[in-house]
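Have a look at the picture first, then read on.

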Amino acid sequence: MLDTTRRLRQATGKPVTTSEEWGDYWIYDDLWTIGDWIIPMCIPTGAVFEDRWGGAWTRDRYDRFDALTDLPVNFKEVGMPTDGDARNLMSEVVRRRNTTACWR
């Protein structure tokens, strides 16, 4: 992948990056230097069992990435489900409240 991104950057003169699961950056060191910015997929549903913790979990991950690189960091796929769940811990209302709290 390193060679591909280098060739693409040279051929186009444009910035390039790749998007990987957030945990992969701690497994594959090359991901920190492969692109011109960092754009991890940071889906909280695998680690957070209640939507009310999703914003704090995402913000914590962002702060960790930001502290470890001088490159711009842009998360994607950070949302929580909006249909709710059996215990009503994840819903559109709760998601909206926590997303707002995350970025204050």
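Is W22 buried, partly exposed or exposed? W22 is partly exposed, because its relative accessibility is 24%; buried means under 20% relative accessible area, exposed over 50%, and partly exposed in between (1.4 Å probe, protein chains only). Before we go on, keep in mind that this is a predicted model, where local features need pLDDT of at least 70, side-chain atom pairs count only at pLDDT 80 or more, and totals for chains, interfaces and linings use all residues. Residues are numbered from 1 along each chain as its sequence is written, and side-chain values use heavy atoms, leaving out hydrogens and water.

Now for the rings. The structure holds nine aromatic pairs. Rings of Phe, Tyr and Trp (its six-membered ring) pair if their centres lie within 6.5 Å; planes under 30 degrees apart count as stacked, over 60 as edge-to-face and the rest as tilted. Here are two of those pairs:

| Pair | Centre to centre | Angle between planes | Type |
|---|---|---|---|
| W22 and W26 | 6.1 Å | 75 degrees | edge-to-face |
| Y62 and F75 | 5.7 Å | 75 degrees | edge-to-face |

Helices here are DSSP runs (H or I, at least four residues), numbered from the N terminus. Both Y62 and F75 are buried, while W26 is partly exposed at 41% relative accessible area. W22, W26, Y62 and F75 are among the members of one aromatic cluster, together with Y25, W32, W57 and F65.

What about α2 itself? Its buried residues are G54, G55, W57, T58, R61, Y62 and F65. They cover an arc of only 165 degrees around the axis, so they lie on the same side of α2; the arc is that of the directions from the helix axis to the C-beta atoms. On the other side of α2, A56 and A67 are exposed.

Last stop: T18, in the loop between α1 (2-12) and α2. T18 counts as buried because its relative accessibility is 14%. Leaving out residues up to four places away in sequence, T18 touches M1, Y25, L31, I34 and I39, where contact means heavy atoms within 4.5 Å.

Notes. Helices (H or I, at least four residues) and strands (E, at least two) are DSSP runs, numbered from the N terminus.
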